[in-house]
Amino acid sequence: MLSDNININEKGHLTFAGVDTVDLAKKYGTPLYLIDEDKIVGRVREYKSAMKSAFTPDSEPCFAGKALCYTDLYRTLEKENMWIDVVSPGEFYTAKNAGFDLSRAMFHGNNKTDDDLRMALQMGVGRIVVDSLDEAIALEGIAGEMGMKASVLLRLTPGIDPHTLKAINTGTVDSKFGVAIETGDAEKLVEKVLGFKNITLYGYHCHIGSQVFDCAPFIEASDRMLGFSADIKEKYGFEAPEINLGGGMAVKYVESDPEISYSKNIAEIGEYIDTLLEKLSLKKPRIFMEPGRSTVADSGMTLYTVGSVKCIKDYKNYVSVDGGMADNPRYALYESPYTLINASYADKAPDFKATVGGRCCESGDLIQERVGLFRPERGDILAVCTTGAYNFSMSSNYNRLLRPALVTLSAGKDRISVKRQTFEDLVRNDL
Ligand code: LLP
């Protein structure tokens, strides 16, 4: 099986986190998001201990909530004393709603409004990651008006192409995010911010991209970021106490993807950083990383009910399910690979090639093309694996479909964390 939380029981049904998925589909209806909480906690602890031993004891992973965000999850993360990366007031409001201590939050985004900045300062967000000179000037003014001092990292673009999908590649000089080291704009920004009264500069942030399998791009990013830090120290006497290397570590979606060890990758990056710091005569900075996908993807599974099987002779076999691009837009957007299983007959070998489509009024509404499945029939439960990241968080009400419920699984028990939307929810704001 793709992940150790996926199994088959004596009925031949697929289990997830030890629970029968066919039973869950019956109990809660479909489409249904499942989240394996114990797996998330395990991954959070793995990241924490790997980072503390590879870097400094106060180094921290920050979970990137853009991958998955709802109140119950932040309750779990608060218990784990986790840091978080938030990218909108909606995200940090959700965390606050869970009682999360926002002093452990980093606020990102390439266009934070004045209201966003004010709200972040008011709610005690721990770090604001300033994305541009315009934003730095605005923040200096707003913090001054509020009689506060903002704790800031500067988002830099180190000029690295990790060779993943263009749409999720963010570290190159021509990115809409951050300020480029290569052009000299980053240095100008630091110089300016060091002169501000209402901003305390803690250091620099970069994020190179997502679904990066290799360690090399992270090592290259560390190289550029620490090289920049050494440069600034020499010219301005400011040595950054914090460096944030962003998120991006990959996840195994299909059998052909390589196995990944996050702790091994972190140890490798740590070793490189140690030799680099010595060469640059820098003190060990506190290191942050922002794993989103790799914290939660393999903790998720989506269940659908099969509605029809259409075999177009000499062309394709369509299997239609009761969800689609509204709950998982990732194939439509990026042709992302996924592993699919007929959960009702998980003990039977795949004997059928299927193009799995959703119920939206759009030909591109596909979950996956040409996948092997045990031939499904109307009423069978279809499971899509590894949907914990960027599925629930990217869902929409396209075609006025209701957002599915999200059920948390822990220690063999299930509990509802997000209710299925109702038709009343759909029209709640309509006047
Ligand atoms: N930090 C920053 C500043 C980011 O922009 C991102 C992702 C992360 C951390 C987390 O990256 P991760 O560890 O999850 O790779 N919707 C796309 C992914 C967009 C990622 C955007 N930024 C997808 O479904 O693949």
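A polar side-chain atom of Tyr390 lies 2.6 Å from an oxygen atom of the ligand. The protein covers 92% of the 580 Å² of accessible area that the ligand has on its own (Shrake-Rupley method, 1.4 Å probe). This is a predicted model: local features need pLDDT of at least 70, side-chain atom pairs count only at pLDDT 80 or more, and totals for chains, interfaces and linings use all residues. Residues are numbered from 1 along each chain as its sequence is written, and side-chain values use heavy atoms, without hydrogens and water.

**Exercise 1.** Describe the shell around the ligand.

*Solution.* 
1. Check a polar side-chain atom of Ser210: 2.3 Å separates it from an oxygen atom of the ligand.

**Exercise 2.** Trace the partners of strand E14 (residues 300-311).

*Solution.* 
1. Take strands as DSSP runs (E, at least two residues), numbered from the N terminus. Pairing needs at least two DSSP bridges.
2. Start with E4 (residues 32-36): four bridges, antiparallel to E14. Here Ile35 stands opposite Gly300.
3. Go to E19 (residues 381-385): five bridges, antiparallel. Met301 has Cys385 as its bridge partner.
4. Finish with E15 (residues 317-321), also antiparallel to E14 over five bridges. Ser308 faces Ser320.
5. Inspect the E14-E15 hairpin. Five residues separate the strands, and Asp314 in the turn has a positive phi of about 70 degrees.

Methods: A polar contact is a pair of N or O atoms within 3.5 Å; within protein, one must be able to donate a hydrogen and the other to accept it, and residues adjacent in sequence count only if both atoms are side-chain atoms.
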